[in-house]
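Me: I have a structure to go through before class. Could you take me through it step by step?
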Amino acid sequence: MAKTDDVVDEAAEVAPVDSTLGYEQARDELIEVVRRLEAGGTTLEESLALWERGEELAKVCRRWLDGARARLDAALAEGSAQDAAEQG
């Protein structure tokens with residue numbers, strides 16, 4: 001099998017993003033995907049497989065960040081409610 005086929009096969013094997021993937025893991029892999037895309041030297045098929053993987057990893061990161069934002073907002077709202085109760 002040719003080298004380019006190996007890269008496409010490798011990207012296809014890891015394409016489904018594990019739902020338990022942590023933010024840091026997804027971010028680090030996304031950085032690597034971007035690095036490989038920016039470096040060039042890949043075939044169209046390889047580039048598409050990398051792009052698709054990157055999109056999935058970005059979704060994982062976005063979900064983690066959205067969850068963190070929701071937790072922060074809830075904590076801030078709770079703190080504001082406690083402050084209001086103590087003053088009132």
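Predicted model: local features only at pLDDT ≥ 70, side-chain atom pairs only at ≥ 80, totals over all residues.
**Helices, salt bridges and surface**

Me: Which residue does the side chain of Lys-59 meet in a salt bridge?

Reply: The partner is Glu-56, with a distance of 3.5 Å from N to O. This pair counts as a salt bridge because the cut-off is 4 Å. Glu-56 is partly exposed as well, with a relative accessible area of 32%.

Me: How are Lys-59 and Glu-56 placed in helix 3?

Reply: They are 3 residues apart in helix 3, which covers residues 44-87, so about one helical turn separates them.

Me: Changing topic: how many helices and strands are there in the protein?

Reply: The protein has 3 helices and 0 strands. Along the sequence, the pattern reads α-α-α.

Me: What span should helix 2 have, and what do its end C-alpha atoms show?

Reply: Helix 2 runs over residues 23-39, which is 17 residues. At 1.5 Å a residue, it should span 24 Å, and its end C-alpha atoms are 24 Å apart, so the two values agree.

Me: And what comes just after helix 2?

Reply: Gly-40 follows, and it takes a positive phi of about 75°.

Me: Back to salt bridges. How many are there by the rule?

Reply: The count comes to 5 salt bridges. One of them joins the side chains of Arg-35 and Glu-32, at 2.4 Å from N to O. Both residues lie in helix 2, 3 residues apart, about one turn of the helix.

Me: What are the accessibility values for Arg-35 and Glu-32?

Reply: Arg-35 has 45% relative accessibility, and Glu-32 has a relative accessible area of 33%. Each value lies between the 20% and 50% cut-offs, so Arg-35 and Glu-32 are both partly exposed.

Me: Which residue does Arg-27 meet in a salt bridge?

Reply: The side chain of Arg-27 meets that of Asp-28, at 3.1 Å from N to O. Arg-27 is partly exposed, at 32%, and Asp-28 is also partly exposed, at 42%.

Me: Finally, the protein as a whole. What share of its residues is buried?

Reply: Of its 88 residues, 17% count as buried. The protein exposes about 6600 Å², and carbon and sulfur atoms supply 54% of that area.

Me: What share of the contacts comes from residues 24 or more positions apart?

Reply: Such residues account for 79% of the contacts with a separation of 6 or more.

Conventions: Residues numbered from 1 in each chain as written. Heavy atoms only, no water. Helix = DSSP H or I, 4+ residues; strand = E, 2+ residues; numbered from the N terminus. Expected span 1.5 Å × (residues − 1). Buried < 20%, exposed > 50% of the residue type's maximum accessible area, 1.4 Å probe, protein only. Contact = heavy atoms within 4.5 Å. Areas by Shrake-Rupley, 256 points an atom, 1.4 Å probe, with all protein chains shown as cover.
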